[in-house]
Structure formats: C-alpha cells, structure tokens
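Hi,

Here is the structure I promised to pass on.

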Amino acid sequence: MVLYGEGDMEPAAVNAGLNRRLSAALDDMESGGVLKKLQHILGQQGPVVELEGYGPTVNLCSNNYLGLCNRPEVVEAVRDGAAKYGAGTSSVRFICGTFDIHRALEDRIADFLETEAALTFTSCWNANEGLFAPLLGPEDALISDELNHASIIDGVRLCKADRHIYRHMDVGSLEDVLKQTSGARHRLVVTDGVFSMEGEIAPLPDIRGLCDRYDAILAVDDSHATGVLGDTGRGTPEHFGMHGEIDIITSTLGKALGGMAGGFIASSRAVIDYLTQRSRTQLFTNAIAPHSASGALAAIDVLESHPELVGRLRDNTAYFRRELTALGYAPIEGDTPIVPVIIGETAAAIELSTRLLDEGVFVIGFGFPVVPHGEARIRCQISAGHDTAQLDLALAALQKVGSSLGVI
Ligand SMILES: Cc1ncc(COP(=O)(O)O)c(C=O)c1O
C-alpha cells in the first residue's frame, strides 16, 4: 500500500512495519481462499449488470429490491436535483447545509411512515451510530439483539447506557434482560426489522408486548423492510399492522428507495428535535446531498403510485425460494427477498460465488467477520426488476455449480 504525494513526487510508503504486517495478513487471506475481491460494474445497477471481466451477469446480490436504481423518474430527479442545488452541501446541517429539499424529504418520510417527524443522515449507518448516545446515559439500559447490524452494534458501543445483548429473536431471553434492568431510568430495545444476513423478520408484536409490559422504548432498523414489506412497502409496521407502535424507526435510502446514499430516523417530534441538537453524526458530518434527497423523494413517489412493485417483488421471491428448494438447496426459511444459503466455511462460500460468476450469475459469498465463524453463506437477493427468464438462468447456474461442488 502506498500513499501518493503531489506532482512528480515518488509515491511514499507508509510505515514499513505496518505494511509488512498487513501484507502478510492479506497473503494469508488470499492463500486461505477468503480474500474478498471487489467486482466492478461498468454501467447501471440493475437486475442484470455489466461486470468487468465477466460481461452481463444476473445480479442476485443488490439491495435494489424494487428496481428503482435505474428507474427513469428517479434518475431524472437526481439530475434535476443536481441542476437546481449543485453538487453538494459543503456543510453540516446546522451551519449552512440545510436546503429546502431536506425538509421536503423529511416531511415526506414522516408522512410515509406515519410518524411525527423524521431526520435524514448521510447513511443509515450514521443514523444508527448517532441515535443512542444522545438519548441515553449511564442511568439507562440499552438492549440489543445479538445479530443486529454492525451499525447498531457500533452505535451501542458509543452509548454510555448499560448494555445488554439478548439471544437472536428470543423473546424469553429479552424478557430476562428486561427483568434484570428494572432499575433503569429508560430501557431501549433495538432490533433489525429484517436481519440482513438471515432475511428473518423480527417478532415485533411479541417484542412490542414486552416493551409495553416493562415500559421500554422500541427502536427498529427497517433498512431491509422499507419498500419491501407490507402491501404498500411501509415496512415491518405495515407487515404486522403495527402503525404508530414503533417508537423509533431507522432506515436507509440506499436500498429499495432508489439506492442513493442516505438514511433517516423517524420518530416523535421531541426525539427528532433533540437528535437535531445532539446527534454527533448529524452535527459533525455533511448533510445528505440535495440530489440524493431529490432522488429519494422521487423513489417514494414511484413506490406510492406503483404498489404493484411490492407485489412483484413478493411473487419473484416466492418463485425463487420455491425453485431453489426444489433444486436441493436449504435456504434459511422466510418470506423476505433475502435468501441466504449456509455453506459453512468461508472459502467454500467464496468458491461457490466465484464459480457462479463464471456462469453469469453475480452472488456474493459472506464469511467472518460479516457473519459468525463456520456460518459462511451465499446470500441471494431478489428484486422486482428480475424477470422469470433471469431468475431461471440463475437457478440453472445454481444447479450446475451446486451439484459440481457437492453443495446439493
Ligand atoms: C440492517 C442495516 N442497517 C443499516 C445499514 C446501513 O445502511 P447504509 O448503507 O444506509 O449506511 C445496512 C446496510 O447494509 C443494513 O443492512
């Protein structure tokens, strides 16, 4: 690794000892077959992408659940946003980084999710990282599912509240923690709405019941549910008929809602106004680019005027899950468009995904530290943008490669 100087200067090597240690670690990853290799897409994100070195491949690994990344209305809105507002904000929100389109998007998100207010961040990572520390102090308890997304884990680490982990989706384990924390001023339970590596939906009605019984606050990260679950794509609250029952919703603009960078928190007016004053990932980093806000607004428009996209996503998911299982695969069960197949060792999952690329199918193998040791997997993700021929091509490749590697 080298850092480049200016002009004609020779590239400068960073500290030789650090370089040596990192290079050795990278060599180990390479020889162990667990080195992640970045694939370069040469055009637009979509159900089929042009991949450098491979040509057109069926894309089974994007979060472009509704196919809005290259939807003309959304792309046009991004272009219009850039034409009107320029390239970016050059400022955090509270200095001179707040544009009228931020307010329009936040009002729209609050309206869409039926909350009092919403606040955007440059990503959902930043939303989760900036959420807990301002709201809770040492006299409070923060209670988190053991498989929550890394951004929640890091947000929890930055908070001075007493931290507790409950077993994954285990309401008995959650209740034990709630009983142990009766002395806390506030208790906040946080869970992914849909777990990104498993595709499972958190048992929110049960969790809400416990939160009511123990007077706890419920926060849900709906990044893989917004635009995906519920008849009109309003996420887990709609899926469970729990409108207005989630105290704090965080989510992303980087997946179903057009794939731009951006995230948000939707909650009560008091929570949002307080975060505006105190959240560090709001106060010390740029606002989301106005053209991204413009694109996200258009994506919500498309979703609201085309709820059939959510139905198509559901149909594609059901088809793919059924046919994959018929081939002999055993995906983690569920109804979401995240369809993971546990392979075991990281090298085996990466080999499967590499062989699938040779067959024109883009699906990524995940290993440690993204998922626990020994639970490496490929994660197929379905989009409303896929047509049946594309899904069939992917299934045929999964059959061919899976049987040659002894996975099925
Ligand atoms: C559950 C969950 N939360 C948060 C994030 C982060 O979202 P963003 O890309 O907007 O930072 C992700 C993305 O991988 C996610 O899966």
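The buried residues of H15 are covered by, among others, strand E4 (55–59), helix H13 (308–326), helix H14 (346–358) and strand E13 (361–362). Contact here means that two C-beta atoms, placed from the backbone, lie within 7 Å. Helices (H or I, at least four residues) and strands (E, at least two) are DSSP runs, numbered from the N terminus.

Before I go on, two housekeeping points. Residue numbers start from 1 along each chain as its sequence is written. It's a predicted model, so I kept to these limits: local features need pLDDT of at least 70, side-chain atom pairs count only at pLDDT 80 or more, and totals for chains, interfaces and linings use all residues.

Back to H15. This helix covers residues 388–404, 17 residues in all, and runs 24 Å from its first C-alpha to its last, close to the expected 24 Å (the expected span is 1.5 Å times one less than the number of residues). Its buried residues are Leu391, Ala394, Leu395, Ala397, Leu398, Val401 and Gly402. Viewed down the axis of H15, they fall within an arc of 165 degrees, so they line one face of the helix; the arc is that of the directions from the helix axis to the C-beta atoms. On the face turned away from that buried side sit the exposed residues Thr388, Ala389, Ser403 and Ser404. For burial, I count other C-beta atoms, placed from the backbone, within 10 Å of a residue's own: 20 or more is buried, 12 or fewer is exposed, and in between is partly exposed. Just after H15, glycine 406 has a positive phi of about 75 degrees.

Helix H2 takes in residues 72–85, 14 residues, and reaches 20 Å from first C-alpha to last, close to the 20 Å expected. Val74, Ala77, Val78 and Gly81 are its buried residues. Down the axis of H2 these fall within an arc of 100 degrees, so they line one face of the helix. The cover over them includes helix H3 (100–113) and helix H12 (290–305), while exposed Pro72 and Ala83 are on the face turned away from the buried side. After H2 comes glycine 86, with a positive phi near 85 degrees.

- Glutamate 114 has a positive phi, near 55 degrees, in a residue other than glycine. Glutamate 114 lies in the loop between H3 and strand E5 (117–121), and is partly exposed, with 13 other C-beta atoms within 10 Å.
- Aspartate 215 also isn't a glycine, and its phi is positive, near 50 degrees. You'll find aspartate 215 in the loop between helix H8 (204–213) and strand E9 (217–221); it counts as exposed, with 11 C-beta neighbours inside 10 Å.
- Phenylalanine 368 and proline 369 are joined by a cis peptide bond, with omega about 5 degrees. Proline 369 is in the loop between strand E14 (364–366) and strand E15 (376–381).

On to the ligand. Which residues are closest to it? Ser123, Cys124, Trp125, Ser196 and Thr252 are, out of 14 residues that surround the ligand; a residue is near if its C-beta atom, placed from the backbone, lies within 6 Å. Helix H4 (residues 124–129) supplies the largest share of this shell, three residues. By class, the shell has two nonpolar, ten polar and two charged residues. Here Ala, Val, Leu, Ile, Met, Phe, Trp, Tyr, Cys and Pro count as nonpolar, Asp, Glu, Lys and Arg as charged, and the others, Gly among them, as polar.

One more residue: histidine 164 sits in strand E7 (residues 162–166). Histidine 164 is buried, with 20 other C-beta atoms within 10 Å. Apart from neighbours within four places in sequence, histidine 164 is in contact with Ala141, Ile143, Val177 and Thr181.

Finally, the whole chain. The protein has 15 helices and 15 strands. Its radius of gyration is 22 Å, close to the 22 Å from the globule rule for 408 residues, so it is as compact as a globular protein of that length (the radius is taken over C-alpha atoms, and the rule is 2.2 Å times the number of residues to the power 0.38). Of the 408 residues, 48% count as buried. Among contacts with a separation of 6 or more, 70% come from residues 24 or more positions apart.

Cheers
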